[in-house]
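Please keep the sequence and the model in view while reading.

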Amino acid sequence: MKRKNFILAITCACALAVSAVPAGVLAEEETEALDAAEETESVDDEEADTDSEEDADETEDETGDEADAVRPTYTALDYVVLGEYKGLTIELEPVEVTDEDVLAEAEELVSYSDAVEMVTEGTVEEGDTVDITYVGTMDGEEFDGGSGDYELEIGSGDFIEGFEEGLIGVEAGETVDLNLTFPEDYYYDELAGQEVVFTVTVNGIMSVPELSDEVAEIASDGEYTDLDSWLEYIREYLTEDAESEWTYNVQDALLTELAANSEITGYPQDLIDYSVNDAISYYELIASYYEMEYEDLIEAYFGSEETFLEYLNAAIEESLDQEMLLMAVAETEGLELTDEEYQAGLEAYAEEYGYESGEEMEADYGETEMSRYILLDKVYQFLEENSEIVEITEDETETETDTEDGEEVDWEDDTDAETDEAADETETAETEAEETEAAADAETETTETETDAD
């Protein structure tokens with residue numbers, strides 16, 4: 001079952017973006033730790049250990065119960081000076097799905113499917129995906145994590161600078177030596193700034209076939225046997241994504257306007273402290289997945305705990321900005337949830353976050369916590385219903401941009417006085433031009449006279 005960390009995803013907005021370290025530079029024990037973490041996170045089949053799942057569920061239940069029980073409450077209007085929030089006008093470009101979008105998505109899906117074949121002839125070009133075997137050496141000796149097999153997209157930036165560029169023009173089956181230098185600020189101190197040699201063999205170039213019924217069947221794992229049906233399926237989910245993006249854009253624009261019109265004078269410190277401790281617990285869990293000490297994880301990705309806490313506090317305050325503004329509207333308007341609204345919202349969240357039922361999600365996170373999120377959605381709905389949402393075309397957007405860059409002139413609305421003033425300015429300019437020309441002629445004549453005299 002898919003389970004996302006709902007609490008942190010919505011309240012903190014500061015989950016650690018653990019960048020994927022390029023293959024070929026991981027130490028062996030770190031590679032094994034990463035693999036183990038991925039396996040731990042993806043355990044959802046029948047062979048998974050039942051006791052482990054029960055323990056995980058109990059831990060989630062405890063986390064949810066604790067969050068529901070101890071998250072401090074506050075009155076938003078104690079910290080928010082609420083400005084205008086009704087009668088707003090929001091202008092947005094429509095989010096559309098074109099035929100080109102559908103075909104591009106289909107081709108992308110095919111490129112990651114079993115329909116792709118490796119060809120053993122041809123020359124590597126920018127954008128190609130190549131199957132390579134590589135061995136990295138430093139001072140003539142192989143270094144840990146410097147060797148392996150990989151399917152590399154040229155231009156992706158997955159490897160250090162010079163690696164991918166060095167493969168452009170190489171023939172399939174050819175082996176080349178790449179003399180490279182690791183960046184000075186590289187993840188691992190033992191490699192930072194070091195000169196190395198990667199011996200790379202291009203085993204083949206991955207060939208993506210053109211769209212067809214057969215390719216559609218392979219790419220869809222047999223779910224669709226003809227191309228048209230598969231493309232229609234793609235169009236449907238892209239349209240759903242577009243609708244979600246439109247909703248997000250509307251909410252983001254409304255919140256931006258609300259923030260611009262309002263002022264946040266402070267934050268409930270007990271809630272800040274609670275959120276910091278909650279986030280630290282999450283990062284401790286991440287560290288355990290990677291078989292790392294919490295302090296080492298923080299140092300690796302933030303440099304120091306002080307930097308991490310600064311980042312964390314800023315992220316929490318940014319998240320609370322949104323929440324407090326919306327809650328201030330709810331308090332001002334007396335917005336509350338009915339039982340029907342709560343149940344409908346709960347089921348919608350359960351479906352979005354991979355729960356089998358609303359009851360199951362409520363058991364994890366608690367009624368109070370879920371009510372808060374569903375109420376925030378209701379505030380957004382209230383703001384949208386009390387604002388004007390205008391769809392604008394790309395041409396209108398360009399016109400507005402041009403107007404912002406330069407002063408727009410409406411010639412039809414010019415008054416006689418403005419016309420006369422413009423005429424006077426033109427006449428003056430012409431007079432000045434004539435005087436300038438005369439002066440230039442006089443100067444030329446003087447110069448010629450002086451030259452003749454010489």
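This is a predicted model: local features need pLDDT of at least 70, side-chain atom pairs count only at pLDDT 80 or more; totals for chains, interfaces and linings use all residues.

In soluble globular proteins, nonpolar side chains tend to be buried together.

**Nonpolar cores**

- The largest nonpolar core is made of 41 residues. Those with the most contacts inside this core are Leu 258, Phe 308, Leu 312, Leu 326, Val 329, Val 379 and Leu 383.
- Two or more residues of this core come from each of the following elements: strand E2 (89–92) and the helices H6 (227–261), H7 (269–289), H8 (294–302), H9 (305–333) and H12 (367–385).
- Helix H9 contributes the most to this core, giving 11 residues.
- Another core, of 27 residues, lies apart from the largest one. Ile 160, Val 170, Leu 191 and Val 200 are among its residues.
- When neighbours within four places in sequence are left aside, Phe 308 is in contact with Ile 280, Tyr 283, Tyr 294, Ile 298 and Phe 302.

**Helix H7**

- H7 has 21 residues, which should span 30 Å at 1.5 Å a residue; the end C-alpha atoms are 31 Å apart, in agreement with that expectation.
- The buried residues of H7 are Leu 271, Ile 272, Tyr 274, Ser 275, Val 276, Ala 279, Ile 280, Tyr 283, Ile 286 and Ala 287.
- Just after H7, Glu 291 adopts a positive phi of about 55°.

**Helix H10**

- Helix H10 covers residues 339–352, and its 14 residues should span 20 Å at 1.5 Å a residue; the end C-alpha atoms are 20 Å apart, which agrees.
- The buried residues of H10 are Tyr 342, Gly 345, Leu 346, Tyr 349 and Ala 350. These residues lie on the same side of H10, because they cover an arc of only 140° around the axis.
- Glu 340, Ala 344 and Glu 351 are exposed, on the face of H10 turned away from its buried side.
- Gly 354 follows H10 and has a positive phi, near 80°.

**Packing of H4 against H6**

- Two packed helices are described by the angle between their axes and the distance between the axes.
- Helix H4 (residues 99–111) packs with H6 at an angle of about 110°, and their axes are 9 Å apart. H4 is therefore roughly perpendicular to H6.
- On the H4 side, the residues that meet H6 are Asp 99, Asp 101, Val 102, Leu 103, Glu 105, Ala 106, Leu 109 and Val 110. Their partners in H6 are Trp 230, Leu 231, Ile 234, Arg 235, Tyr 237 and Leu 238.

Key. Residues are numbered from 1 along each chain as its sequence is written. Side-chain values use heavy atoms; hydrogens and water are left out. A nonpolar core is a set of buried Ala, Val, Leu, Ile, Met, Phe, Trp, Tyr and Cys residues joined through side-chain atoms within 4.5 Å. Buried means under 20% relative accessible area, exposed over 50%, partly exposed in between (1.4 Å probe, protein chains only). Helices (H or I, at least four residues) and strands (E, at least two) are DSSP runs, numbered from the N terminus. Contact means heavy atoms within 4.5 Å. The expected span of a helix is 1.5 Å times one less than its number of residues. The arc is that of the directions from the helix axis to the C-beta atoms. Axes are lines fitted to C-alpha atoms, for helices over the stretch in contact, and angles run from 0 to 180 degrees between N-to-C directions. Angles under 35 degrees count as roughly parallel, over 145 as roughly antiparallel, 65 to 115 as roughly perpendicular and the rest as oblique.
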